[in-house]
Amino acid sequence: MSHKILVIDDDPFVTDMLDEFLSSYYKVKVALSGNEGIKKLQSFKPDIVLLDIRMPEMDGFTALSVIKKLDSECKVIMITANQDAKSAVKCMKLGAYDYIVKPFDIDEIKITIDRAIDSLEASKKVLLLEEELKEKYSFNKIVTCSKIMEPVLSLLQKIINTDTIVLLRGESGTGKELIARVIHFNSNRYNKPFIAVNTSAIPETLLESELFGFEKGSFTGAISSKPGKFELAEDGTVFLDEIGTMPYNLQSKLLRVIQEKEFSRIGGTEPIKLNARIITATNVNLEEAMEKNLFRKDLFYRLNVLPVFIPPLREHKEDIPLLITHFIEIMNKRFGRAIENVEERALKILMDYNWPGNVRELENFIERVVVMSQAEDKYITLKHIQEAMDLFTFSPKARSVLLSVGDSIEEMEKRLIKATLEETDGKIIKAAEILGITRKTLREKLKKFGLYTLFKDDGKDDDNADRLAP
């Protein structure tokens, strides 16, 4: 009963019949003329309007135009006394949802109304999603207080509503895709598709068909036609990530698309207009790539119209506390934790670290810390940091060990030995080789640091008097 239906028809028999039938399912009001219907539209605010075409004073076409101006979201179902195709086409062009021909089946009316309501609800969900995305990627969601980021944000504000190609440059993990989404969802294209393509993640043999699409039979396995990413973008934005790794032969095809503003599907002959904006990103030094003939100079000059350089996190470390707070809030919701902040000593360690993986590495690390925390933990401590750092296991020789400014040499040495022996499963010979010291020296240090009983003997040492406890 929550949906509202307005019936506008100059025939009282029709309005009475529809009122009696539809009132069992919806809130219904009726009007016997176009003028009366427009007045009731403004006060009643219906979801669906059933509108007769042939009426005196104001016909259905005129009333439809007025209704769509007053409430563009309202679904209008036209009722016509004939099956004239021209009338039907005119209705649809004026914004009608559908039309029904008299004499109609009352059940057909119900089915059409329910379809219109489903469409209306779907539209509301889309609008809600669009608003959520706009909020998620608004400029105030870029977490920064750094002076070095001010020129970047200022430039983004200037270019959001242009159609000029943008080239985002910066190290991996600096947030280039986030910036691309901010540009799109703050532009006048925000309600159109945002299509992201990682050109380095798609095999060269598939990348061309992913971008341009293909026609049925154009190659083995093409059993049906398929649109490409450029076509699917539909007045939105195509984000080409890792553009510096794009295969050389495809670079010339991309250049042509940019210059001609059109393309064709593989195996197709009809040109398709490119109406999408292109944003590209790379962590590759394109100047060096051009010198090595790995990247086309003409494509570089087409892409480099609006370059945006995103600095690495180590150049704006003052943002680290803000980012940590932001990520803790996200992870708390995701994993049901109630962490409030980071202890000062733990924060100092995180500030001292250079974060070679940039913001992405910091986010992943905070996620790891939160996941490993207990439900009752309120603060991230040194213990949390050390436990999370112990998971940085790439190889026995590339174990990350948590060190910070102010640690003593002995403390650093103790942590390094402990981490190395953990990586080698307590095998003294292997650990000594990695550390570049003798087994005897390693044993002495184990005794000194109180680590002697934590590790097992590897079974290959001929000095039986000095074996480690199991």
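**Entry 1: H15 and H16.** I started with helix H15 (residues 358-372) and helix H16 (residues 382-389), which pack at an angle of about 110 degrees with their axes 9 Å apart. For my own notes: axes are lines fitted to C-alpha atoms, for helices over the stretch in contact, and angles run from 0 to 180 degrees between N-to-C directions. Helices (H or I, at least four residues) and strands (E, at least two) are DSSP runs, numbered from the N terminus. H15 and H16 are therefore roughly perpendicular to each other (angles of 65 to 115 degrees count as that, under 35 as roughly parallel, over 145 as roughly antiparallel and the rest as oblique).

I then looked up who touches whom, contact meaning heavy atoms within 4.5 Å. From H15, Phe365, Arg368, Val369 and Met372 meet His384, Ile385, Glu387, Ala388 and Met389 of H16. Sorted by class, that contact has six nonpolar, one polar and two charged residues. Here Ala, Val, Leu, Ile, Met, Phe, Trp, Tyr, Cys and Pro count as nonpolar, Asp, Glu, Lys and Arg as charged, and the others, Gly among them, as polar.

**Entry 2: what I'm looking at.** This is a predicted model, where local features need pLDDT of at least 70 and side-chain atom pairs count only at pLDDT 80 or more, while totals for chains, interfaces and linings use all residues. Residues are numbered from 1 along each chain as its sequence is written, and side-chain values use heavy atoms, with hydrogens and water left out.

**Entry 3: H2 and H3.** Next I checked helix H2 (residues 34-44) against helix H3 (residues 60-70): the angle is about 15 degrees and the axes are 10 Å apart. H2 and H3 are therefore roughly parallel to each other. Ile38, Leu41 and Gln42 of H2 make the contact with Ala63, Val66, Ile67 and Leu70 of H3. I get six nonpolar, one polar and no charged residues there.

**Entry 4: the sheet.** I found five strands in an open sheet, ordered S7-S10-S13-S6-S14, with parallel pairing (two strands pair if DSSP finds at least two bridges between them). Strand S7 (194-198) and strand S14 (306-309) stand at the edges with a single partner strand each, so one side of each has no neighbour in the sheet. Inside the sheet, I looked at S6 (residues 166-169) and S13 (residues 277-282), which pair over four bridges. Leu168 stands opposite Ala281 in S13.

**Entry 5: confidence.** Among the elements, S6 has the highest mean (97) and helix H4 (residues 85-93) the lowest (76). I marked residues 458-470, where pLDDT stays under 50. Where pLDDT is low, the predicted coordinates should not be read in detail.

Methods: pLDDT = per-residue confidence, 0-100.
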